[in-house]
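Reader: I would like to go through this structure term by term. Please give the cut-off behind each label.

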Amino acid sequence: MHTPNQEHSRSSLFGLTLAALGVVYGDIGTSPLYAFKEAFSGAHGIDPSEAHVLATLSAFFWAVLVIVSLKYVWIVLRFDNEGEGGVLALTALAHRISGGPRRALLAVGAGIFAAALFYGDAIITPAISVLSAVEGLSIATPHLEHYVVPITVGILAGLFMIQKHGTGQVGRFFGPVTVLWFGALGAMGVASIVQTPDVLRAVDPRYALDFAMSQPKLAFVLLSAVFLSLTGGEALYADMGHFGARPVRLAWYGLVWPALMLNYFGQGALVLRSPVAIANPFYLLAPEWFLLPLVGLATAATVIASQATITGAYSMTLQATRLGYLPRLRILHTSDTERGQIYIPSVNWLMLVAVIVLVLQFRSSGALAAAYGIAVSGTMIITTLLTAFILLAANARLRAGLLAAMVVFGLLEALFFSSNLTKLGEGGWMPMALGAGIFLMLTTWKEGSRLLAGQRRQIDVPMEGFVKGPPPDVPHVSGTAVYLTSEPTLVPSALFHNLKHYKVMHERTVFLHVVNEDVPRIEDGERVVVTLLAPGIYNVDARFGFREQPDVPAAMALAAAHGLELEPLATTYFVARSSIVDGPGRMPRWRCNLFAWMMRQSEGAATCYKLPANQVVELGTQVML
């Protein structure tokens, strides 16, 4: 007999697995729309002979088995950073156990570059996925071909507009659609395989190996098409924080992987029966009566595919902010139970603009396929290297076997990356250029913040010394001054500049430290902790849950119950703000200007903490970096 807790746990696991289907597996789940076709089309396509079809299917089957089923789902999902996945989570873990500054620098540099490349993938996936689905209209109804691009743009705009409702809500809506999609993939594949069961011979890896040995140049080019069946593996790992590892594994082994393989083999069986079907084997696999409904279902599925990389980009941005590689951004938590479910408005709208520009520029999934793959394969290689680095430093069970597996994964991914480089001139340069630009921004913010912190440390005064002996000759004025501080052990720089310029202190001085907790909400009775440091000097810790928008004035009103009653109109909030100016420094002028621009884009403390506009004093300093 099951207890209520067990039943609740099972229903929660089922709900998370369903939501994970609707968010995590959209990207890799729509690869059958274009991956198999790309092996036989374009300037580098091979002819659809029986030997080539079987070799291609064999390569697809074993590539997905080794890279996705073994590497990502079975091994890499185990390497989370406090529940968060993605290459930045691995970077943080690698940095923690690096054991030396040089190793740490290498690990962090590689991880940040991989994160930058991931953003390139995150804007290509929505464009190629939705375009490939809507192109089915030109097969069902040829006179609609001219409307493919406008319809695609409209669908993408709608997708980005619903992101504010949260990945959990979106996932629950998309989950049943995704189940229907994978069911359709499997059913169409089985119907075709039954007609040509010989296609199952391709499960034998010797078909792919013999092709590689006899025609190495063609096999090398083929790898770039095979890799299209793997795109989404990195997004799968990055999205882990939204749902947890167990629901992601259950969804993959229970539904996604079998449905994908059945559909690929079904497409191969169709081409064995009718080689001309290679023009669009996915849609030609469907019976005529199901073609238009399939276009609609495929469009819904590709919208879901876009969701996987959008939420992955949110997760990556959150981690980059926490690690100090991006300024403070407005991040909204959309779930009371899962901290990883977030929405970042600025990232959302920037991605929408970039995706629409891509659609208008390339105008077809075939053209976009040339740009696809380089960034993702580069990220996969770095993920493998970082995982191996962590394994080397850890004293884990089965370490030798896992390291050997990482070597195999790395060699295969290096081959995929090399093959994708052949598409560099056909659009592959674009995600690489975008990744390089984002890498420059991430490292510029980190370096600029480090130099800025170094200058601040020169004037930092320990809190303990200040409390024991505040300046004796400084006059006191009426009212309360609240100084926001990120480091309770140091006197805030805003107070230092206030004393330097105005040479006064208020009759009551409050040092406020905002604490972000790992629970959704904090009860009002536990919101604030007030500590009397010296007569007229207080420290206040204001605690907020991850689902709450920090409201400092409301929290300060609760301090009255702890002996610190503030008169709102007699309270002034002091915030420190630095501005970057030209001058001799350690950063080149262009990079200094970039850092200054990024600093202007960050969300100010007054806005973030809902400080009343007419009670805030910003004390700024000009800094030369």
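Author: Start with burial. Buried means under 20% relative accessible area, exposed means over 50%, and partly exposed lies in between (1.4 Å probe, protein chains only). Lys 610 has 43% relative accessibility, so Lys 610 counts as partly exposed. The model is a predicted one, where local features need pLDDT of at least 70, side-chain atom pairs count only at pLDDT 80 or more, and totals for chains, interfaces and linings use all residues. Numbering runs from 1 along each chain as its sequence is written, and side-chain values use heavy atoms, with hydrogens and water left out.

Reader: Where does Lys 610 lie?

Author: Lys 610 lies in the loop between α26 (605-608) and β8 (616-623). Helices (H or I, at least four residues) and strands (E, at least two) are DSSP runs, numbered from the N terminus. The phi of Lys 610 is positive, about 55°, although Lys 610 is not a glycine.

Reader: What makes Lys 503 count as exposed?

Author: Its relative accessibility is 52%. Lys 503 sits in the loop between α23 (493-501) and β4 (505-516). Lys 503 also has a positive phi of about 55° and is not a glycine.

Reader: Why is Gly 158 called partly exposed?

Author: Gly 158 has 31% relative accessibility, so it counts as partly exposed. Its place is in helix α8 (residues 148-161). From Gly 158 to Arg 457 there are 299 residues in sequence and 47 Å in space, C-alpha to C-alpha.

Reader: How many helices and strands are in the chain?

Author: The chain has 26 helices and eight strands.

Reader: Which residues does Ala 133 touch, not counting residues up to four places away in sequence?

Author: Contact means heavy atoms within 4.5 Å. On that count Ala 133 touches Leu 33, Tyr 283, Val 295, Ala 298, Thr 299 and Thr 302. Take Val 295: it is 162 residues from Ala 133 along the chain, and their C-alpha atoms are separated by 6.3 Å. Across the chain, 83% of the contacts with a separation of 6 or more join residues 24 or more positions apart.

Reader: Why is Leu 222 called buried?

Author: Leu 222 has a relative accessible area of 6%, so Leu 222 is buried. Leu 222 belongs to helix α11 (residues 216-226). Neighbours within four places in sequence aside, Leu 222 is in contact with Ala 39, Ile 46, Thr 56 and Phe 211.

Reader: What makes Met 406 buried?

Author: The relative accessible area of Met 406 is 3%, so Met 406 is buried. Helix α20 (residues 399-420) holds Met 406. Leaving aside neighbours within four places in sequence, its contacts are Ile 75, Thr 384, Thr 387, Ala 388 and Leu 391. Met 406 and Ala 369 are 37 residues apart in sequence and 27 Å apart in space, C-alpha to C-alpha.

Reader: How does the reach of helix α21 (residues 429-457) compare with the span expected at 1.5 Å a residue?

Author: The expected span is 1.5 Å times one less than the number of residues. Helix α21 has 29 residues and reaches 42 Å from its first C-alpha to its last, close to the 42 Å expected. Buried residues in α21 include Met 430, Pro 431, Trp 445 and Leu 452.
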